[in-house]
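Notebook open, viewer running. I want to go through this one piece by piece and jot down what I look up.

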Amino acid sequence: MGHGKYVIPSIASVSPIVVQAGEVLNLEFVVLPGESKDITVFVELAGPGAEAHLKGLYLCNGDEQVHFRILMHHRAPGCHSTQLFNGIAGGRAQVHFDGTIVVAPDAQQTQAYQENHNIVLTDTAKVETKPQLEIYADDVKCSHGATVGQLNENELFYMRSRGIPEKEAKTLQMLSFLSPVIPEGREEEILLSLHHVLE
Amino acid sequence: MLQINNLHARIGDKEILKGIDLHIGPGEVHAVMGPNGAGKSTLAAVLTGKPGYEVTEGSILFQGKDLLAMAPEERAWAGLFLSFQYPIEIPGVTITAFMKAAVNAKRKAQGLPEMKAGDFLKLMKEKMAFVQMKPEFAKREVNVGFSGGEKKRNEIFQMALLDPMLSILDETDSGLDVDALKIVADGVNALRSPEKSAIIVTHYQKLLEYVQPDHVHVLKDGRIVKNGGRELIDIIENQGFDQF
């Protein structure tokens, strides 16, 4: 890090959402079962103190394909970005998550965080997650993390031993996994979709 | 209440239970004691239907029904409860949400409507007070960040709330200080009735000083090697399990 040539990845052919000094951008993404989606987002933090907060939720099954390409470009100093994407894949669904944070040489005192967490429900669902950091400044706080896991068997048995049916126990687990990324007022809709994914 | 006949069970290729016979009548409290590795926890796991255990021979009747044919949740609806040796943490799910789902699932299975929110919260409050759990625990995530004692108390709270016919307490006394042990014991004693039964699984006598069993069984190497009354507890305390 801090080495190599400062280049913006190819995603930059999409026109960026430019956040100016002192502005705050909040974006929420929700992908529910029933369609494939290809979502490309390019955010440019162009003025000092700009902020961008991205949240994403995806639920997919069948043969659906969901692809996120995110580029968070810190161009100016003192900017702050967060990204949290949580998703569940069932059936033969395929998920790709490519998330890149680029911090320009002048963008000192950057704070940039990215997380992508996934649960796969079947052996045939596939998740590929590629978080990347390209940092060309030296005074920055950046982190990224990605996980791909399954529903926890011990939790499921504990819930069932108390009388909660298997499907409902799974739903509770998935709901709690997704809760940090569920937009306000959409809980009911997400709950219905979870039932759909479990069928 | 419960009839276990010639129960054999294994995990993978390893046979753990090698022919268990145990009959528990209504209102009776039975202690199952034995050294580590005797099969005590396997017995509790098989009774509650934990995945991964295979019953190769024998039968279990619970209130006249074939217990082994039932899913774990169906066993709970029928009135079976296990207090876990190591209670599981469920991040993101509050105790209130957890217990509400449990209570209403049983009511649904019985053809009853969901409990009214107000009635449910009142019931929760009452049972939490019963095990001296602070009210703020209602909003905590299940067992997340709980101390050992708090986890065990949460098990007894769930037991009180779900009001089972047969409770299995798997090493509930392990890791408890005397005060926590007394609270747990008081909880268990208060739930004793002429209809309700309990199995206390333990490898030492601590809890049995406070909850007096009617019958004591010694489990060793997958078999019950001795049946008796409370006098067995003292014999074990003085001479250990090697004598059996």
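Predicted model: local features only at pLDDT ≥ 70, side-chain atom pairs only at ≥ 80, totals over all residues.

**A helix in chain A**

I started with H2(A): it has 13 residues and spans 18 Å from first C-alpha to last, close to the 18 Å expected at 1.5 Å a residue. The expected span here is 1.5 Å times one less than the number of residues. Helices (H or I, at least four residues) and strands (E, at least two) are DSSP runs, numbered from the N terminus.

Residues are numbered from 1 along each chain as its sequence is written, and chains are lettered from A and ligands numbered from 1 in the order in which they are written.

I then looked up burial in H2(A): the buried residues include Glu168(A), Lys170(A), Leu172(A) and Phe177(A). Buried means 20 or more other C-beta atoms within 10 Å of a residue's own, exposed means 12 or fewer, and partly exposed is in between, with C-beta atoms placed from the backbone.

**Where A meets B**

I found 16 residues of chain A in contact with 20 residues of chain B; contact means C-beta atoms, placed from the backbone, within 7 Å. On the chain A side, helix H1 (153–161) and helix H2 (166–178) each supply at least two residues. H1(A) gives the largest share, six residues. By class I get six nonpolar, five polar and five charged residues on that side. In this scheme Ala, Val, Leu, Ile, Met, Phe, Trp, Tyr, Cys and Pro are nonpolar, Asp, Glu, Lys and Arg are charged, and the others, Gly among them, are polar.

**The sheet in chain B**

Next I traced an open sheet of six strands in chain B, ordered S6-S9-S10-S3-S11-S12, with mixed pairing. Strands pair if DSSP finds at least two bridges between them. S6 and S12 (223–228) of chain B are at the edges with a single partner strand each, so one side of each has no neighbour in the sheet. The twist averages 20° from one strand to the next.

S6(B), residues 80–83, runs parallel to S9(B) and is joined to it by four bridges; I noted Leu169(B) as the bridge partner of Ser83(B). S10(B), residues 197–202, also pairs with S9(B) in the parallel sense, over five bridges. There Leu166(B) is bridged to Ser197(B).

**Two last look-ups**

I checked H1(B), residues 40–48: eight of its nine residues are buried, so this helix is largely enclosed by the rest of the structure. Among them are Lys40(B), Leu43(B) and Val46(B). Just after H1(B), I see Gly49(B) with a positive phi of about 85°.

Leaving aside neighbours within four places in sequence, His96(A) is in contact with His67(A) and Glu128(A). His96(A) and Glu128(A) are 32 residues apart in sequence and 4.9 Å apart in space, C-alpha to C-alpha.

Definitions and conventions: Contact = placed C-beta atoms within 7 Å. Axes fitted to C-alpha atoms, helices over the stretch in contact; angles between N-to-C directions.
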